[in-house]
Structures are given as structure tokens and as C-alpha cells.
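Dear colleague,

Please find below the structure that I am handing over to you. My notes on what was found in it follow directly after.

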Amino acid sequence: MKFKGSDNYVATQDLMLAVNAAITLKRPLLVKGEPGTGKTMLAEEVAQALDLPLLQWHIKSTTKAQQGLYEYDAVSRLRDSQLKDVDGGERVKDIQNYIVKGVLWQAFTADQPVALLIDEIDKADIEFPNDLLREIDRMEFYCYETRELIRAKHRPVVFITSNNEKELPDAFLRRCFFHYIKFPDAETMKNIVAVHFPGLKQELLTSAMKTFYDVRNLPGLKKKPSTSELLDWLKLLVAEDIPIEALQSKDDKVAVPPLVGALLKNEQDVTLFEKLVFMQRNNR
């Protein structure tokens, strides 16, 4: 299996090398990068390109590692035991009926290789990665309720994303192949935009890109606009038929762009940007 990019995802050479290295080493690919740089989409596109089913596990602050393996639904079993006339009480006798299989169980027992996405692992408790060490390393786990060892039929291609909200344990990092998705340079960004807006006028693209990088490079921003925000902004510019002149300032200084709310997502950044524009106007 070799990932060579896809028509819907602009992958840099080093990113494709990282994906293929993880597959060769049979290790999870840990992907970090700013929010909106395509970490989650990478797993989706690799799965599609390699013709693999994709299982997704989106992590929350309350997620426990056990949920990825299985959960024993004791409440349902107790309820059914009180309703013995249902199925003659046969359902209650088989504990398998109350085992809820998690994504790791599904991935391990799939009849064909699958891709597995563990999305935003840093949202969970600090012990969460450690609790998955054995399962990710050995590709097996034990179900105590049914007294069976669940071992992977095929090693899944595992993608793990992180937004760097928490540091991950060293023992966990040793078991992964790591790649940091750098923010795209202007040329790569043009290629990304071309995938989503193939008919975009060159003049509009040039002006929009200049404005976007001007906003992004503003020092002191709490949240810099990402690739996904640029795409949303371009979609609005096209939908609202915003003229190119509205994106250009005569003196080549930074101006508040139309629909700036698609790029800046909190009031501090909007205020900071407006102050910069005001100061530039007063310094003419």
C-alpha cells in the first residue's frame, strides 16, 4: 500500500512520505498541526485512495480508552432479566448480547484491512494515551466478560490527530511515527484553493490571498485564520459577488476586508485588527 495523494487533497511530498513510512513500520501516524490544516481529512483521503473502510473515533474530554475497546451494558441486562417473558429469558443468558463493541474491536475483527482515525487524542484525560499503549502496540486486548482474547486479523492503518492541547506521554510517542503539518506556503495554498474552486478568477485569488496572509501575519492574534477559514471566506466572496476592488487598498496598506468574520473568530482579534487599520490611516 502506497499513498500517492488524491484529487481532493493536496498532500506535500513529506506528508506522503510520512503516511507511507507509518504503513511500512506498521505504526500509528501521529499528526499534529494547527486546527484547520487538514489532519482529519488526511485520514479520510488516505482511506479512500487505498480503498480501505474508515472507522472514526472522535475523542471528547469525557472519553475513556475502554470505550474504544468495548462496554458492558449491565443496565440493559438487568432490565431484560426483570422481563423474563421476553424471548423466554434466553437473551439474558448470553452475555455477548450486552457487549457493545468499540471502534478498536471493530477494526481488529474486520475481515479486511481498515483505516482507523483516533481524532483529537489530546482532548482526553492525560492517562488516555497510556491506557491504549498495549492495544496499539500488540494489536490485541482481553474481554473479561466473555473471557476471550480479541486479536487483530489485519493490522489497521491508524491515524491519530492532536492539536497540542496536552503533551502526550513519551511511551506513547515511541510507538508512533510523527508528522507535523506545517501551515501551507502561498504556492501550496493556491493548489489547495484550486481543488475547491477550480474556476476562481486569478485576480480575485491573488487579492484574497494577499489579504488572508496580511491578516494571518498580524502579530498578537489570538487565533490565526487557517486553511478552512480561507476556503469559507472565498466561498462567501464568490456567493456574495464581492468586487475585487473591495479587497484592494490604494496605498497597499492593510484594510478591513469584507466578511472578516469568516477569518477572525473572536472579538479581541477583530479589535486588534481594526486598531492596526486605524493607526495606519492616522500615520499617512
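Ile-192 belongs to helix H10, which covers residues 186-196. In this predicted model, the residue has a relative accessibility of 13% and counts as buried, because the cut-off for that class is under 20%. Leaving aside residues up to four places away in sequence, Ile-192 is in contact with Val-10, Pro-184 and Thr-227.

Is Leu-132 buried or exposed? Its relative accessibility is 0%, so Leu-132 counts as buried. Its contacts, again without residues up to four places away in sequence, are Trp-57, Ala-65 and Leu-104. Between Leu-132 and Ile-181 there are 24 Å from C-alpha to C-alpha, with a sequence separation of 49 residues.

Turning to the protein as a whole, its secondary structure consists of 13 helices and 9 strands. The C-alpha trace extends over about 85 × 45 × 35 Å along the principal axes. The radius of gyration is 24 Å, whereas a compact globule of 284 residues would have one near 19 Å.

The surface and the charges may be summarised as follows. The protein exposes about 15900 Å², and 50% of that area is supplied by carbon and sulfur atoms. There are 39 positive and 42 negative side chains, and a distance of 3 Å lies between the centres of the two sets.

Finally, a word on confidence. The mean pLDDT of the protein is 88, and 93% of the residues reach 70 or more. Where is confidence lowest, and where is it highest? The lowest value belongs to helix H13 (residues 267-282), with a mean of 79, and the highest to strand E5 (residues 115-119), at 97.

Yours sincerely,

A colleague

Notes
Residues numbered from 1 in each chain as written. Predicted model: local features only at pLDDT ≥ 70, side-chain atom pairs only at ≥ 80, totals over all residues. Heavy atoms only, no water. Helix = DSSP H or I, 4+ residues; strand = E, 2+ residues; numbered from the N terminus. Rg over C-alpha atoms; globule rule 2.2 N^0.38 Å. Areas by Shrake-Rupley, 256 points an atom, 1.4 Å probe, with all protein chains shown as cover. Lys, Arg positive; Asp, Glu negative; His and termini not counted. Charge placed at Lys NZ, Arg CZ, Asp CG, Glu CD. pLDDT = per-residue confidence, 0-100. Buried < 20%, exposed > 50% of the residue type's maximum accessible area, 1.4 Å probe, protein only. Contact = heavy atoms within 4.5 Å.
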